[in-house]
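The structure is shown first, and the account of its elements follows.

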Amino acid sequence: NREFDSGVAIDKLPARWRPVRAHEPEWLVQLKCAGSVEPQGFQLGRSLRGSDDTLGLVFEAHAARDEGGERVIDTTLRAANGLRLVHRVRWREGDAFFRVGVIAQNPSSIPVTVEYLPSFSLGGLTPFAPDEAPERLRLHRFRTAWSAEGRHESALFEDLCLERSWIGYGRRTVRFGQLGSQPVRDFFPWAAVEDVAAGVFWGVQLPAPGSWHLEIARCKDKATLSGGLPSRDFGEWSRILAPGESFATPEAVLACVAGDLDTLCHALVSAQRDSAPARAALAPGPLPVIFNEWCSSWGEPAHDYVVETARVLAGRDLADILVIDDGWAEKPVGADIQTNGDWIVDRAKFPGGLRATADAVRALGLVPGLWFEFESITRGCAAYADERLHLHRGGRPVEVGRRRFWDLRLAEARAVLAADVGARRRDD
């Protein structure tokens with residue numbers, strides 16, 4: 001890698017501006033807290049990378065250990081405001097991937113508001129080029145939408161305006177992600193950078209159950225891939241750490257491979273094999289086939305219909321799991337579709353309760369499943385009137401069409417849902 005930039009444009013700069021460094025070290029951890037100086041490089045509103053909190057991080061300790069069959073590497077950094085950040089890497093012999101996360105600890109006597117703390121920051125891309133790697137870095141993503149299939153998207157950095165500036169100042173960024181309760185909307189929580197000339201891919205997938213973001217940043221010769229939770233200006237995210245409190249980011253799964261995109265995808269997907277709780281309850285072998293009856297009953301399932309569907313599926317060996325979708329719960333007068341919130345079994349449709357239907361499905365050799373939309377409450381349900389347990393914004397319950405939403409930060413709201421789910425398990 002070259003140490004300094006060169007060329008006609010650089011040669012014409014005033015002597016006091018030269019030499020111009022061609023690259024700079026990348027920080028292992030990125031951090032932005034409320035009240036600190038905003039990052040430079042024309043980034044306001046575009047990125048929180050490179051804030052004074054990040055620039056002020058100081059190395060404190062490094063330790064490696066074996067734990068639960070894994071190799072764990074912790075690097076501890078100290079921020080100027082007193083926060084201690086533990087960057088953790090976990091890897092197991094034979095795995096084609098590794099997991100990365102950050103633990104923020106507040107040992108100070110005052111609360112600190114964290115506005116940006118990505119799970120990982122992978123810099124130095126690409127190490128195989130001695131210059132700014134013109135037309136050899138490519139970003140891969142997968143796009144999608146509700147009720148749509150994923151579509152592979154690939155673009156050179158130059159087409160994304162990610163080439164370095166002529167003087168190496170001013171960070172270029174492409175930031176993308178998803179805000180809300182649909183983890184895969186617009187983009188999958190996944191990204192890859194390819195060095196076309198070297199035939200090497202760096203990739204990440206985020207096990208995101210909700211909002212997330214990923215970011216490609218470029219300042220000088222090298223690029224950086226980072227991401228995790230949303231931030232202050234991408235998702236309005238923040239976290240107050242009280243004195244003595246800790247917070248761990250969701251771990252990101254990273255992989256680096258030589259080969260093609262399929263090789264990278266196989267490496268990343270292999271991380272899911274150990275984190276699929278549904279597999280543990282099923283016999284070893286291929287993944288189970290799930291049949292959801294929604295597109296046949298259109299929200300009007302009933303005991304006899306579900307049992308007959310199970311009989312057909314079992315007789316033709318078409319599925320392993322049969323899911324009863326919306327319509328099993330009572331609807332308020334005048335409701336036509338989706339009445340979430342009270343979850344009272346419709347005894348006109350299921351005279352013996354869900355237990356009798358589930359037992360009949362099991363007797364036919366299938367695993368019964370049940371649709372819930374836990375977080376939402378639709379107009380007309382009794383739960384709709386209890387605003388104190390609903391998610392609020394600006395002092396008013398958040399309403400989307402006919403829906404409100406449980407505030408799952410509240411223990412009482414979680415207890416209500418736990419009781420509803422428990423009732424369905426006991427049988428209602």
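The model is a predicted one. Within H7, the buried residues are Gly353, Leu354, Thr357, Ala358 and Val361. Just after the helix, Gly365 adopts a positive phi of about 95°.

Strand E13 (residues 200-205) is largely enclosed by the rest of the structure, because six of its six residues are buried. The cover extends to both faces: Val200, Trp202 and Val204 are buried on one side, and Phe201, Gly203 and Gln205 are buried on the other.

E13 pairs in the antiparallel sense with E12 (residues 190-195) over six bridges, and Glu194 stands opposite Phe201. These two strands form a hairpin with four residues between them, and Gly199 in the turn has a positive phi of about 70°. A further antiparallel pairing, again over six bridges, links E13 to E18 (residues 252-258). In that pairing, Gln205 has Val253 as its bridge partner.

Strand E8 pairs in the antiparallel sense with E12 over four bridges, with Leu139 bridged to Val193 in E12. E8 also pairs with E9 (residues 151-156), antiparallel and over six bridges; here the bridge partner of Arg138 is Leu156. The hairpin of E8 and E9 has six residues between the strands, and Ser147 takes a positive phi near 60° in it. E11 (residues 186-187) is another antiparallel partner of E8, over two bridges, and Thr144 stands opposite Asp186 in E11.

Phe142 is located in E8. Leaving aside residues up to four places away in sequence, Phe142 touches Arg151, His152, Asp186, Phe187, Phe188, Trp190 and Leu261. From Phe142 to Trp190 the separation is 48 residues in sequence and 7.3 Å in space, C-alpha to C-alpha.

In soluble globular proteins, nonpolar side chains tend to be buried together. The largest nonpolar core of this chain has 27 residues, of which Phe120, Phe157, Val193, Val204, Leu206, Leu214 and Leu225 touch the most other members. At least two residues of this core come from each of E7 (120-125), E8 (137-144), E10 (172-178), E12, E13, E14 (212-218), E15 (223-228) and E18.

What does Leu225 touch, not counting residues up to four places away in sequence? Its contacts are Phe120, Ser121, Leu122, Leu125, Ala191, Val193, Trp202, Val204, Glu215 and Ile216. A second, separate core comprises 18 residues, including Ala310, Ile321, Trp343 and Phe372.

## The largest pocket

The volume of the largest pocket is about 2100 Å³. Of its 43 lining residues, Gly180, Ser181, Gln182, Gly210 and Ser211 are the closest to its centre. The elements that contribute two or more residues to the lining are E23 (392-393) and E25 (403-405).

## The chain as a whole

The chain contains eight helices and 25 strands. Its C-alpha trace spans about 85 × 50 × 45 Å along the principal axes. Of its 428 residues, 45% count as buried. Among contacts between residues at least 6 apart in sequence, 61% join residues at least 24 apart.

How values were computed:
Residues numbered from 1 in each chain as written. Predicted model: local features only at pLDDT ≥ 70, side-chain atom pairs only at ≥ 80, totals over all residues. Heavy atoms only, no water. Buried < 20%, exposed > 50% of the residue type's maximum accessible area, 1.4 Å probe, protein only. Pairing = 2+ DSSP bridges. Core = buried A, V, L, I, M, F, W, Y, C linked by side-chain atoms within 4.5 Å. Contact = heavy atoms within 4.5 Å. 1 Å grid on protein atoms, 1.4 Å probe; cavity = no way out; pocket = protein on both sides within 12 Å on 5 of 7 lines; lining within 4 Å. Points joined across faces, edges and corners; volume = space filled by probe spheres on them.
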